[in-house]
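Here's a quick tour of a protein fold, written for someone just starting out. Take a look at the structure first, then read on.

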Amino acid sequence: MSKTVNIEELTTRVMEALESIRPFLNRDGGDIELIQVTSDKVYVKLLGNCSGCPMNFSTMKLGVENTIKQHAPEILEVISVEL
């Protein structure tokens with residue numbers, strides 16, 4: 001039987017992760033917005049200078065995804081969305 005994931009608690013940990021990296025994004029004129037958290041995926045949107053930056057893939061994988069996985073190891077993937 002699989003363990004039930006508490007989405008509210010998971011979302012709180014994801015928000016804490018985003019808050020810890022937000023100053024680095026802000027320093028470059030960017031930001032990040034949490035769109036949705038599921039049991040194993042996080043959907044975010046890069047804002048400001050981060051949205052059009054050629055380095056945003058590296059920022060997403062190396063910075064955002066690693067930080068989120070440290071706070072919430074059950075997250076398997078972080079997906080950047082364009083709305």
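**How the sheet is built**

Strand β2 and strand β3 (residues 77-80) run parallel and are joined by 4 bridges. This is a predicted model, where local features need pLDDT of at least 70 and side-chain atom pairs count only at pLDDT 80 or more, while totals for chains, interfaces and linings use all residues. Residues are numbered from 1 along each chain as its sequence is written, and side-chain values use heavy atoms, with hydrogens and water left out.

**Strands and their partners**

- A quick word on terms: helices (H or I, at least four residues) and strands (E, at least two) are DSSP runs numbered from the N terminus, and two strands pair if DSSP finds at least two bridges between them.
- Strand β1 (residues 30-37) and strand β2 (residues 41-48) are antiparallel, with 7 bridges joining them.
- To get from β1 to β2, the chain makes a hairpin through 3 residues.
- Across that pairing, glycine 30 sits opposite glycine 48 in β2, and glutamate 33 has lysine 45 in β2 as its bridge partner.
- Over on β3, serine 80 is the bridge partner of valine 44.

**The whole sheet**

- Put together, the 3 strands make an open sheet with mixed pairing, in the order β1-β2-β3.
- β1 and β3 are at the edges with a single partner strand each, so one side of each has no neighbour in the sheet.

- Helix α3 (residues 56-71) lies across β1, β2 and β3, and runs at about 140° to β3.

**The nonpolar core**

- A nonpolar core is a set of buried (under 20% relative accessible area, 1.4 Å probe, protein chains only) Ala, Val, Leu, Ile, Met, Phe, Trp, Tyr and Cys residues joined through side-chain atoms within 4.5 Å.
- The largest one here has 18 residues, and Leu18, Val42, Val64, Ile68 and Val78 touch the most other members.
- α1, β1, β2 and α3 each give two or more residues to this core, with α1 giving the most, 6 residues.

Definitions and conventions. Contact = heavy atoms within 4.5 Å. Axes fitted to C-alpha atoms, helices over the stretch in contact; angles between N-to-C directions. Buried < 20%, exposed > 50% of the residue type's maximum accessible area, 1.4 Å probe, protein only.
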